[in-house]
Structure formats: structure tokens, C-alpha cells
Amino acid sequence: MKKVQLLIILFTICLLLIFSKNVSLITTNVMQNFIINIIPTLAPIMILVNIFTYSGGFLALFNSNKLSSQAKHLINTLGIIVIGVLSGTPALANILKEEKNKSFSKEENDLIMSSFVMPSFPFLLAIAINSDWVINKKILLFVPLIINIFLFLLSYKKEFLNYEVLKQNTNIDNIMSKAIITTAQSLILMLGTIALFSLLGVFISYKCPSPYKFLLHGLIEFSYPLNILLKSNILINLYFAVLIIAFSSLSLIIQVKLLYKDISIIEVIKKRLIVTALSILFILFLAF
């Protein structure tokens, strides 16, 4: 019930922002970006991922296979990370919430969640394709993802493979409707947080000169500033875009906390700062 109330409140705030004359331009940009970029890239795959998860996921898929329990656990872990990166952080949070104490320990759950708080791969691919940069420059946008994977592998423990998997219930009624409802709730939550943090980002970065205002705004909410930064072939804009993707924005971190309450915001921010620092070092290495 609390989650439903929260979604209603966020959606109501969103409507109030839309009809407020003072912030109409901001909310219009948010809505346009959400409808044009976010919904088409995330909604279909989120529904498919939720259907797959509620049907038992990879553990059900390999249930009859003669693979060892450790091999199944590893396949399940890698599979969830891949579909989480493809479907976006909110979808990954829903998956891990469903998998909690079934196929993962809390420690492994938290490691996966904190390691892959970032814009979805389809979103990154969409903004890379729409930018005018040459291919070797566009690849830079995916550097934070590579760093995330590298840090996850360094932190992963072999003990996780010995976690005893509980039997999955694959006989869930109305899987399709549940998947659609969960996706709709996640999208409404995303829209509410994006609108609120976009407004906050604009106010905080109001007097900053370009492109620094878009960097500051992007660290608070990433979607609109990334699209602006990548519309011009100015090298510093590309570097700022990489840093925004690496940190992922406060908006996305709050979305994760609302969907996956067990996660520590402090730990997520620490990991985002590490990825951002490594991205800066990578950019400086390229510059020299």
C-alpha cells in the first residue's frame, strides 16, 4: 500500500509540475524525452524481463539440465546482469527484489545492484546513434559500463556460488498482467523522480555557464543534459557526458532506493564516485 501511495504522490506532483506555468518548459522537455527516448527503449524490454522473471527466470530455464548447482548459479547471475543492463536499473531492481533470498544472498544481491546503477544500454545506444560523433568517440560513452563490469568481477566472491537456491514457484497466475502492472508502476516512478530532479537540476545549475551547467544538471538527473551535450561536436561535452553516465545521477540512485529498499544509498554513491574517478583517469590518459 505504501508503494502505491508513493507512486500516486509522485504522479500527482508530476501533473502539478506539468500544469505549473513556472516550470512548464522543464516538464515539457522531461515529458518529450521520456516519451521519445525512455518509454520506447525501456517499456517493451521491461515487460519481457518481468514476464521472464515471474516465470522462474534462468533457474527454471536450466532446471532440467544436468549442470552443477554452481554452474546454474553462475549462469543465473550473469544472465540477470545482462538483462539488467539491457532493461535498465529500475528493471534490475525489480528482478533482484523477486530473487531476494531465492537465488541470491543479500550480500550478492546488494553487490549486483550497486555495481550496475547506470543508464540502460538501449538508452546509451540511442544517444550514441543520434550524436554526430565518429565511432571511436561514441565508444567512450560505454567506458563506465566496462568499468562497472571490471569492478564487479573484482568484488565477486566464490562463496556466492555455494548459496543454496530455494525452489522457484513458476505457477504464478496472471504473469502477463503482473508484468505489465509492475512495468507501469516502475515507469510512473521513473517519470516522477525524473521530473522532480530535472526541476532541481535546472534551479541549481541556473547561473552556471555552458557546458558546466549541463554537467551539474546531469549529475542530478542525466537524461535531458546527455541529449543536449551530445548534440554538438565539442570534445569537453563528450567528456562531461561520460562523467554523467559514470555517476548515473542522484535521480537514478533515488529510483533504486525506492524500488529496492535494502540497498544503502551511501554505498551506491561511493561506488558511483569510484567509477567516476576511474572514468576521469581514463579521459586524462586519452588527453595526454
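Reader: How much space lies in the largest cavity?

Author: This is a predicted model, in which local features need pLDDT of at least 70 and side-chain atom pairs count only at pLDDT 80 or more, while totals for chains, interfaces and linings use all residues. Residues are numbered from 1 along each chain as its sequence is written, and side-chain values use heavy atoms, with hydrogens and water left out. A cavity is a set of points on a 1 Å grid over the protein atoms alone where a 1.4 Å probe fits but cannot get out, and its lining residues have an atom within 4 Å of a point. Grid points are joined across faces, edges and corners, and volume is the space filled by probe spheres set on the points; for the largest cavity that gives about 120 Å³.

Reader: Which element supplies the largest share of its lining?

Author: The lining of the largest cavity has 16 residues, and L42, S120, M190, F222 and L252 are the closest to its centre. Helices here are DSSP runs (H or I, at least four residues), numbered from the N terminus. At least two lining residues come from each of α2 (24–54), α5 (89–99), α10 and α14. The largest share, three residues, comes from α2.

Reader: Which element gives the largest share of the lining of the second largest cavity?

Author: The second largest cavity has a volume of about 30 Å³. Its lining consists of F52, T53, G57, F58, N76, I80, I83, I95 and E99. Two or more of these come from each of α2, α3 (57–61), α4 (69–87) and α5. With three residues, the largest share belongs to α4.

Reader: At what angle do the axes of α10 and α14 cross?

Author: Axes are lines fitted to C-alpha atoms over the stretch in contact, with angles from 0 to 180 degrees between N-to-C directions. Helix α10 spans residues 175–204 and helix α14 residues 250–259, and their axes come within 9 Å. The crossing angle is roughly 145°.

Reader: Which residues of α14 make the contact with α10?

Author: Contact means heavy atoms within 4.5 Å. From α10 come S186, L189, M190, T193, I194 and F197. Facing them, α14 contributes L250, S251, I254, Q255, L258 and L259.

Reader: Which residue other than glycine has a positive phi, near 80°?

Author: Look in the loop between α13 (235–247) and α14. The residue there is S248.

Reader: Which helix has the lowest mean pLDDT?

Author: pLDDT is the predictor's confidence in each residue, from 0 to 100. The chain averages 81, and 84% of the residues score at least 70. Helix α9 (residues 143–155) has the highest mean, 93. The lowest, 58, belongs to helix α1 (residues 2–18).

Terms used:
On a 1 Å grid over the protein atoms alone, a cavity is a set of points where a 1.4 Å probe fits but cannot get out, and a pocket is an open set with protein on both sides within 12 Å along at least five of seven lines; lining residues have an atom within 4 Å of a point.
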